[in-house]
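Please read the following briefing alongside the sequence and the coordinates.

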Amino acid sequence: AKTWGDILMYDMEGNAMDFTKLRDFMRGLADGGPTASGHRTPAVIVTLPMYGLSEDTVLANQWMIQQALACGVHGLHLCHARNAAAVRAFVRCVRFEIHRQAVGHGLDEGLRMFGAHAFASKIWGVSPKKYYQVADVWPLNPEGEIMLGVKIEDHVGLSHAEEIASVPGLCFAEWGPRDTSYSSGHIDVAFDYGRKPGVVQPPELVAAANRVIAAAKANKLHILDNARPEDILAQLAAGMDIIAGGYEEAAEIGRKHTGRTMPW
């Protein structure tokens, strides 16, 4: 609850999918808060063990999205986003049907129904009615407090990067450096990325990163990538603005460089 980070990435892709533990975790953050920045809890974004392989795949796993959001988390990160239809379904599953931005203009109406607010609204510290107002995707809904990201991290998704990044309702994207490296046959790079400074990236990985980053910028999405203290300024200059890697020193350097002061 007192973390130096702005965001906590909660992994249920590779770790156990246990919504009871997730509820306990969120309750613990609320009990241990507020954060040093004055927020009730840090923002928590969950990666689920469902992939954006197709529209049908995502819709069949809508229950995972529903259960995660009912725990009071603040966002979801879709792994292996492979096409725009899957990502549109992802956004649809996240939204309450009362929110209408872009419905009929790139999105179908939401599938999240009434009755999933009790625990989540308590974690957020708002009334149930207020939760329905703010539990929507930002920045599509300016009042929304849910952030959605996509990992474009294999050769199938890469070929559709521009269409994926243009789906309404997204907040951020990343090129999934480890999965992209692994799926391209570079397992050593996958293990070393973000951990060992000076690792030379094969040309096809550089091209993959540049394509996803360009697609994100063209659609005004925030971009998630790793950074270490020695390359944080270069990453910021390149447009990365959600910084992973777990280096507090990198965060301190980045905040000083961008002029961020508490509370932010």
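Gly 75 is buried in this predicted model, its relative accessible area being 0%. The residue belongs to strand β3, which covers residues 75-79.

**Surroundings of Gly 75**
- Once residues up to four places away in sequence are set aside, Gly 75 touches Val 44, Ile 45 and Val 46, and also Ile 146 and Met 147.
- Trp 138 is 63 residues away from Gly 75 along the sequence, while the C-alpha to C-alpha separation of the two is 9.8 Å.

**A buried lysine without a salt bridge**
- Lys 151 is located in strand β4, which runs over residues 147-151.
- Although Lys 151 is buried, it has no salt bridge, and the nearest side chain of opposite charge, that of Glu 174, is 4.0 Å away.
- Beyond its neighbours within four places in sequence, Lys 151 is in contact with a set of residues that includes Glu 13, Thr 47 and Glu 174, together with His 77, Leu 78 and Cys 79.

- The whole structure contains 9 salt bridges, and one of them joins the side chains of Asp 6 and Arg 260 with an N to O distance of 3.1 Å.
- Because Asp 6 lies in the segment before β1 (7-11) and Arg 260 in the segment after α13 (248-258), this pair ties together parts that are 254 residues apart in sequence.
- Both partners count as partly exposed, Asp 6 at 33% relative accessibility and Arg 260 with a relative accessible area of 34%.
- Asp 6 and Arg 260 are also linked with Arg 255 in a network of salt bridges.
- A salt bridge between Arg 82 and Asp 154 has its closest N and O atoms 3.0 Å apart, and it links the loop between β3 and α4 (84-94), where Arg 82 lies, to the loop between β4 and α7 (155-158), which holds Asp 154, across 72 residues.
- Within this pair, Arg 82 is partly exposed at 26% relative accessibility, whereas Asp 154 is buried at 5%.

- Asp 24 and Arg 27 form a salt bridge whose closest N and O atoms are 2.8 Å apart, and both residues lie in helix α1 (residues 19-32), where they are 3 residues apart, or about one turn of the helix.
- Asp 24 is partly exposed with a relative accessible area of 43%, and Arg 27 is likewise partly exposed, at 36%.

Terms used
Residues are numbered from 1 along each chain as its sequence is written. This is a predicted model: local features need pLDDT of at least 70, side-chain atom pairs count only at pLDDT 80 or more; totals for chains, interfaces and linings use all residues. Side-chain values use heavy atoms; hydrogens and water are left out. Helices (H or I, at least four residues) and strands (E, at least two) are DSSP runs, numbered from the N terminus. Buried means under 20% relative accessible area, exposed over 50%, partly exposed in between (1.4 Å probe, protein chains only). Contact means heavy atoms within 4.5 Å. Lys and Arg count as positive and Asp and Glu as negative; His and the chain ends are not counted.
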